[in-house]
Structure formats: C-alpha cells, structure tokens
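Please keep the sequence and the model in view while reading.

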Amino acid sequence: HVTGVQTCALPIYALGLHVTRFDQVASGLIQQVLVSNSGSGGNGNSGRIALQYQNVGAIANRGWEISGSARSGPLTLTSALAFVDSHVQQLAAGYSGDLRRDDRILGVPAATASATVAFTRPDWNASVGVSRATDWIEYDRVGLAKAYANFDRRTVPLIGAELRGFWRDYDGNTHLRASFSRQLGPRLSFLLGGENLLDQQRGEPDNVTILPGRTITTGFRASFH
C-alpha cells in the first residue's frame, strides 16, 4: 500500500517542475536465502548449502522524485533527480536471511539523476543524455565466488547473518548517450545512436557483472503508406 504521496506541477511559460514525495510500505516480498542442507541421511557437518525462497517481511520506501524541463525554441532540457530511503521495517516470522530490522535494502541506490539536452529542427534532431545511480549496498560477489569455490561450512561463513561480512558499498558510474537523426526524404531518414559512450562496464550493480560496452548503432528508416 502507498501513503502520503504529494505531487505538484509548476509550469512557467517554457518551464516545468514536478515534485513528488512518496511514503510506501511493501509486504510479502520474497528473497532467495542460503540455508544449510545436510541432505538425506547426512549430518550438520556435510557442508552443503541450498537456496530457499523466504518472505522477508515489510519494506518501507520513502523519498523524493523531482523532474524538470525547460524549452527555448528548438532547444529542450529535461532532468530528473530521485532520493530513496529503502529499509526493512519488519521481518517475517521464520526469515533466516542476512537482513535485519532497519537495514537498508540491498541493491537500491540512495540517489539517481539524469539530464537530457535535445535540439530539434524540421529535418533533423540531436540529443545528448547523462545518467547516474549512486550509493547502494550489494554483495561482494568476487569475495563470495572465492568463498564458494573453497567452501567448507566449518570455516567459511556463508549462511544467514554471516553473509553480512560480504556486504560492500557501491558508488555507480556515469553513463553518457547520444542520438542523431536526419530526414533524407519524405519517407526516408538516417539514424545514428550511441549508448554507454564512456565505456563504463564494471562497478554496477555489483563487482562481477559486466555491462554492455560502448555501443554505436546506425541505419536508415523507411516508411511506406
């Protein structure tokens, strides 16, 4: 359920500002939790582990979302900024994972920001955009992978609250994109686009994921009636 949402819009000629305050509580969320699994006929020292889906409990999300736009002739600027405080409000009975009451939720950035500048003419348009998510907590996946490769339940902490030792802070990367299109005729246009122009491939959402690198696409668009 969602409570306390307040939104206002302030258009001034070619300017626009939207501010949203949100305060919500989500319940019944599921997390994959590592549990000890001795197997049939085994014992607690077998060192086996398994994944189990468990109800986490209630998660509180509070924050602000701000977006704005400005236009002057063919030039348009749009931007967005969000601040989020996402934390555990209450744990479900029987939950045995690594989260505790008042913990920040893993993988949720505390702030995200983006801005796009576009220039539009009758026969062509171009835009440049930048975005960044920053300040979140996730697992040290490299450390976990090394621990799993040499797993021994008697010496390596990989169950429940012991996983908290593998939490680490992430700060994210800045991503740059651009696009250009030109009308070549009544039914034909040329397209050029670029994503991740700064070629940032590591560091989000964790330290093992490799994101697509710098990508340039080009082509023609034809329309038929």
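## Surroundings of S67

Apart from its neighbours within four places in sequence, S67 makes contact (heavy atoms within 4.5 Å) with G16, L17, H18, S79 and A80. The model is predicted: local features need pLDDT of at least 70, side-chain atom pairs count only at pLDDT 80 or more, and totals for chains, interfaces and linings use all residues. Residues are numbered from 1 along each chain as its sequence is written, and side-chain values use heavy atoms, with hydrogens and water left out.

S67 belongs to strand β5, residues 57–72; strands (E, at least two residues) and helices (H or I, at least four) are DSSP runs numbered from the N terminus. With a relative accessible area of 29%, S67 is partly exposed, a class that lies between buried (under 20%) and exposed (over 50%), using a 1.4 Å probe and protein chains only. A distance of 8.5 Å separates the C-alpha atoms of S67 and A82, which are 15 residues apart along the chain.

## W64

Strand β5 also contains W64. This residue is partly exposed, at 40% relative accessibility.

Helix α1 spans residues 141–149, and G143, L144 and A147 are buried in it. These residues lie on the same side of α1, because they cover an arc of only 100° around the axis, taken from the directions from the helix axis to the C-beta atoms. The buried residues of α1 pack against β9 (136–139). On the face turned away from the buried side, α1 carries the exposed residues K146 and A149.
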